[in-house]
Structure formats: structure tokens, C-alpha cells
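Here's a quick tour of how the inside of this protein is packed. Have a look at the model first, then read on.

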Amino acid sequence: MKRDIQNVPYGYEPPAAERKGTLVFYDSFEHITDLELEQAAHTATERKFTKLVLYPLHEETVRRMSKEPVSAFYKREDRLHEWKRDQARPFITVESLEGKRKKYTPLDSALRHISEVYPSPYFLYLTPETANQFASYASFEEWIVKLRLILSEAPAFVHPRLEKFRHRWDIAGEEKSE
């Protein structure tokens, strides 16, 4: 087997990767429209993320978080897979952890799984309601220093902890505050 030897000039440094990090859309996807999914994909492209991870929540997780009824996990997951196929964008992934577990998955467990599987830095793409719920959890302050939030739209009400960490989140479509 012959090896190709390549010479590089002294002091050469390979170019830095243009794309980096993971944008995780964490939601039940019960009321998320194709237009909102497109907005998330556009945000991922615009901000040059390596991956857009669609993270659908299991019915038990949604029941514990919001008490609102949702359709079966597999129906929402199938819809996301169908949308992904229509997009033909290879950087979009549908995470199936909650489908495998088939039970309530705390946000902490979901974030640990994401940090083990996907490249950093981590950004959570959330609706304002989910962001306020996340801010109400005791572990919020532990996680907000490890990741950043991108909200799908401006919130009408901002949880006090979310306001305290205003420098760690911004709104999709606005200029980045990095």
C-alpha cells in the first residue's frame, strides 16, 4: 500500500471550522407548525450550527411539564421525520431518546444525553413558554452557564431567573449577542 505524502508550508495552520455547535429544538411539537420548524432550520443555517436536533418530548414528559394533552409520541416523531425528509438538509436530526425510554425524561437527563452525543457549544431553541418553564427548574442556573438559549419569539412574560441571565439568551431573527 503506497502512502501519499503531502508537504505543507512551515507555519501552516488548517482553517478553522466554519460550522460549530448544536442547536437543540426542545419541544413537544404538538402545536409547532412547519413554518416554525423552517424558522428553526433557518436560524441553524444562519448561525452556522453543525447540527439542528429536533428533540420531541414523550407524552409523560409533557404531562409532567405542562399538564396539556398531546398526541402519541410516535405520531409527532413521524411528522418530524417526514418534515426532515422534505427538507433534504443533512444537518437536521430527530433525537429519539424519549421514544426509546418510553417514560418521563427530566430535562437534566436530556441535556446530559445531548452533551454526550452532539458537538459543543450547545444552544437550546425554545418557545417562550418552555423557556419560562426551564427557568423555573432548580437546575436552571447550573445549566444556563453551560449553554445558551435562543427563543423562537419575544416572550410576553419573562421568569425572574430568565431575566437574571438575560445575557445568555436572545431571540431568533435578531442579531446575535455574543
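Which residues does F134 touch, leaving aside those up to four places away in sequence? In this predicted model, F134 is in contact with L107, L111, L124, L126, F140, W143, L147 and L149.

Zooming out, F134 belongs to the largest nonpolar core, a set of 29 residues. Along with Y26, L124 and L149, F134 is among those with the most contacts inside that core.

Now for the rings. The count comes to 6 aromatic pairs, and two of them are set out here:

| Pair | Centre to centre | Angle between planes | Geometry |
|---|---|---|---|
| F49 and F123 | 4.9 Å | 70° | edge-to-face |
| F140 and F165 | 6.0 Å | 75° | edge-to-face |

F49 sits in the loop between α1 and β2, while F123 is in strand β4, so the pair links parts of the chain 74 residues apart. Both F49 and F123 are buried. F140 is in helix α7 and F165 in the loop between α8 and β6, so that pair ties together parts 25 residues apart in sequence. F140 is buried at 0% relative accessibility, and F165 is buried too, at 11%. Elsewhere, ring pairs join F25, F29 and Y125 into a cluster.

Finally, the largest pocket has a volume of about 400 Å³. Of its 21 lining residues, D27, S28, T127, E129 and T130 are the closest to the centre. Helix α6 gives the most to the lining, with 4 residues. By class, the lining has 7 nonpolar, 8 polar and 6 charged residues.

Key:
Residues are numbered from 1 along each chain as its sequence is written. This is a predicted model: local features need pLDDT of at least 70, side-chain atom pairs count only at pLDDT 80 or more; totals for chains, interfaces and linings use all residues. Side-chain values use heavy atoms; hydrogens and water are left out. A nonpolar core is a set of buried Ala, Val, Leu, Ile, Met, Phe, Trp, Tyr and Cys residues joined through side-chain atoms within 4.5 Å. Buried means under 20% relative accessible area, exposed over 50%, partly exposed in between (1.4 Å probe, protein chains only). Contact means heavy atoms within 4.5 Å. On a 1 Å grid over the protein atoms alone, a cavity is a set of points where a 1.4 Å probe fits but cannot get out, and a pocket is an open set with protein on both sides within 12 Å along at least five of seven lines; lining residues have an atom within 4 Å of a point. Grid points are joined across faces, edges and corners, and a volume is the space filled by probe spheres set on the points. Helices (H or I, at least four residues) and strands (E, at least two) are DSSP runs, numbered from the N terminus. Ala, Val, Leu, Ile, Met, Phe, Trp, Tyr, Cys and Pro count as nonpolar, Asp, Glu, Lys and Arg as charged, and the others, Gly among them, as polar. Rings of Phe, Tyr and Trp (its six-membered ring) pair if their centres lie within 6.5 Å; planes under 30 degrees apart count as stacked, over 60 as edge-to-face and the rest as tilted.
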